[in-house]
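I opened the model to look up a few points on strand pairing, helix packing and the surface. My entries follow in the order of the look-ups.

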Amino acid sequence: MLAADLDGTLLGGSPHDRRQLLDALNGDPDITVVFATGRGLTSVRALLRDDPLLPPPHWIIADVGSTIVDATRMAHARALEARLRAGWPGAGRVRAALEAFPHLVYQEQVPQEGRCSFYLAPDALSDELIRAVEELGCSWSYASGRYFDVLPPRAGKGHALELLAQTLGWPRQAMLVAGDSLNDLSLFRLGTPAVVVANAEPALTARVPASDRVHHSALDGAAAVLQAIERQGRPPRHSVVVGYHRPPICWLDGAWRPPPSPNGILPTLQAALADEHLDAVWAAAHVGEAPAPAPPRADGVPTLSLLPLPPDRWAGYFHRTCKETLWPALMSQPELIRHRPAHWDDYESVNTAFARHIASLAEQGATVWLHDYNLWLVPAALKADRPDLTIGLFHHTPFPRPDVFRRIPAANQLRDSLARLDWAGFHTPDCADNFRRLLAGTAVPAPDIGVHPLGIDRPAVTHLARSRTRAGSRPHHNNDGIQLVLSVERLDYAKAPVHKIHALDTLLAEEPTLRQQVRYRLICPPPEPGIHAYDTTRTALENAITCINQRWSTAGWQPVEYIPHTLDFTEVVDHYLEADVFWVTSLADGMNLTAQEYITAHHAAHRPGVLILSRHAGVAQHLGSAAVLTDPLLPHDLVDTLRAALAMPVDERATHIARLAALLDTPDPADWARTVITAIRASAAPQTR
């Protein structure tokens with residue numbers, strides 16, 4: 001993506017230089033050209049009509065960053081312009097407020113929108129004038145020793161380009177900015193590759209931030225731009241692109257940090273994509289006003305390409321639409337669906353940005369592997385732009401029945417996008433069948449479908465469990481004879497945490513002999529800040545815990561121990577090893593890796609234990625009746641299965657764990673990932689869809 005000023009930059013240099021630049025841009029259709037100019041749209045259109053050496057733009061940032069236009073349709077990007085022009089008092093008020101400055105001459109013959117442009121001599125740029133502009137709530141720009149522009153407070157070429165890049169998913173490393181005047185300065189502050197042309201005004205050259213990304217060319221105008229394009233080269237393209245809304249490492253407290261557990265989709269994909277022979281890149285979002293530092297290039301860390309998203313866009317996309325509109329349907333709780341058009345716009349915008357970002361990373365005929373409901377609209381957008389790609393999507397969440405899916409307000413739009421897939425994968429046959437029935441009659445040919453249950457890194461868990469056993473990790477209940485029932489789950493109504501508290505309360509009422517003989521420990525980290533979909537569950541859970549502890553606690557015992565924060569995985573394994581019973585009560589679930597971790601840890605340490613497992617967890621279809629199966633939708637079934645688990649003899653518990661461990665036959669996570677990539681590649685040819 002090339003964003004360049006006009007006068008002095010794209011219009012600068014000899015006709016020969018300009019012709020060479022035009023030929024280079026016309027010869028590479030993958031380069032997106034953006035004009036970033038102080039001119040108004042009327043003036044730009046006249047240039048395009050009259051100047052045969054001016055390259056045709058895809059986008060126009062005009063009026064010193066107050067206007068954004070889709071040049072392919074000559075249509076204003078009104079939503080983006082509204083953000084840029086927020087707080088603009090209007091030209092009439094600005095001109096009236098500045099009448100006291102006689103040296104300020106309004107450019108009557110210059111068409112302009114969302115700004116006021118004046119002529120002003122350098123010696124007339126006074127502190128009084130600047131204060132007057134600031135009192136209006138406006139910003140200003142002065143360039144070329146004569147042009148003084150009064151702008152909305154958030155306008156500017158740099159901010160306009162940043163909004164456009166965020167909306168369209170342009171990676172910063174694939175952007176090149178070029179300019180020659182002081183009103184281009186905000187472009188150079190974005191931190192992208194950049195070129196200052198030799199004929200730039202000295203004030204710009206002096207104020208451009210020092211960076212190895214900025215090239216100060218010895219050439220003028222178009223020749224400098226062409227030189228910079230050749231220096232930068234094309235961003236690397238890859239044969240495999242993974243699209244997931246989160247990266248495998250997160251930027252936290254000023255450092256890149258790995259996930260706390262060796263299991264789950266993040267470490268699974270990280271292990272698979274670290275294989276250099278795969279030629280893969282991971283496209284993920286980075287949320288923040290400032291760009292993240294470059295991810296580390298270290299062993300075990302795959303190539304990453306981060307899509308910058310502002311916090312407000314992320315909140316509408318993930319906190320609201322994903323968690324309040326889509327998640328309830330996935331969890332078969334459609335009565336909880338909340339839908340707001342503004343937030344749906346954010347979901348569409350982020351999916352479109354992801355599609356463009358992925359397209360920029362994928363070589364011709366590449367394989368794209370998407371993950372989960374967060375990117376359901378990417379297939380349609382990506383196929384429209386890149387029909388050469390083969391696109392697969394794996395659902396780590398349950399996939400709902402068609403009648404539940406259709407309760408989503410945008411169900412038809414989502415279904416039509418999913419129909420553009422070449423391949424779709426699931427943990428269980430039930431979910432695969434739901435997907436197949438949803439698309440029946442809508443996709444010709446239908447996407448290929450695969451069932452590939454995800455397991456855990458059993459050798460890693462086994463090694464850790466044995467090392468903790470040898471180290472004599474301290475039991476938390478000090479071998480006091482009290483049976484420990486454990487759950488490890490994030491805060492989510494789909495995990496039915498309140499159901500478990502009520503079931504334990506009922507059991508203690510029905511079985512007085514269990515009082516002071518059982519303790520339930522709930523490790524339940526909260527969601528990321530800003531997600532409100534689980535607030536009701538959090539309140540109900542905390543109230544239920546308070547009530548049961550007040551009702552049954554004695555001087556040395558209380559029935560529920562609540563740990564509402566994340567633990568590192570070593571601590572989690574210590575809790576697994578200590579627990580007599582592991583309690584999973586999901587109303588709907590993917591595979592549920594914690595159940596597999598509990599089984600593996602106990603089997604490795606030769607410790608007996610009991611797994612109570614919801615029939616609605618994906619892993620239940622693989623473990624069957626070897627687990628103590630329960631249905632959390634039947635309140636007394638929770639009570640009865642907990643009673644049975646607590647009463648199971650020790651020798652039977654040892655046999656129980658051994659049987660469960662023998663049924664954990666899922667492949668190594670890295671092998672699982674490679675198998676899925678192979679299946680996507682083998683799916684029907686993309687050009688037929």
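Which residue in β24 is the bridge partner of Tyr520? I looked it up in this predicted model and found Val560. I then checked the strands: β23, residues 518–523, is joined to β24 by four bridges, and the two run parallel.

Next I traced the sheet. I read an open sheet of six strands with parallel pairing, in the order β24-β23-β22-β25-β26-β27. I noted β24 (560–563) and β27 (628–630) at the edges; each has a single partner strand, so one side of each lacks a neighbour in the sheet. From one strand to the next, I have an average twist of 20 degrees.

I then looked for helices on the sheet. Helix α19, residues 497–510, packs on it and touches β22 (483–488), β23, β24 and β25 (581–584). I noted about 175 degrees between the directions of α19 and β23. Helix α20, residues 535–552, also packs on the sheet, where it touches β23 and β24. For α20 against β24 I have about 150 degrees.

Val105, Tyr119 and Tyr147 make a nonpolar patch of about 240 Å². I placed Tyr119 in strand β7, residues 116–119. Its relative accessible area is 31%, so I list Tyr119 as partly exposed.

Last entry: Ala410. I found Ala410 in the loop between α15 (402–405) and α16 (411–418). Is Ala410 buried or exposed? I list Ala410 as buried, because its relative accessibility is 10% and the cut-off is under 20%. Ala410 and Thr325 are 85 residues apart in sequence, and I have 9.6 Å between their C-alpha atoms.

Conventions: Residues are numbered from 1 along each chain as its sequence is written. This is a predicted model: local features need pLDDT of at least 70, side-chain atom pairs count only at pLDDT 80 or more; totals for chains, interfaces and linings use all residues. Side-chain values use heavy atoms; hydrogens and water are left out. Patches are made of residues with over 30% relative accessible area and no salt bridge: like charges are joined within 9 Å, nonpolar side chains (Val, Leu, Ile, Met, Phe, Trp, Tyr) within 5 Å. Accessible areas come from the Shrake-Rupley method with a 1.4 Å probe; for residues, only the protein chains shown count as cover. A salt bridge is a side-chain nitrogen of Lys or Arg within 4 Å of a carboxyl oxygen of Asp or Glu. Buried means under 20% relative accessible area, exposed over 50%, partly exposed in between (1.4 Å probe, protein chains only). Two strands pair if DSSP finds at least two bridges between them. Axes are lines fitted to C-alpha atoms, for helices over the stretch in contact, and angles run from 0 to 180 degrees between N-to-C directions. Contact means heavy atoms within 4.5 Å.
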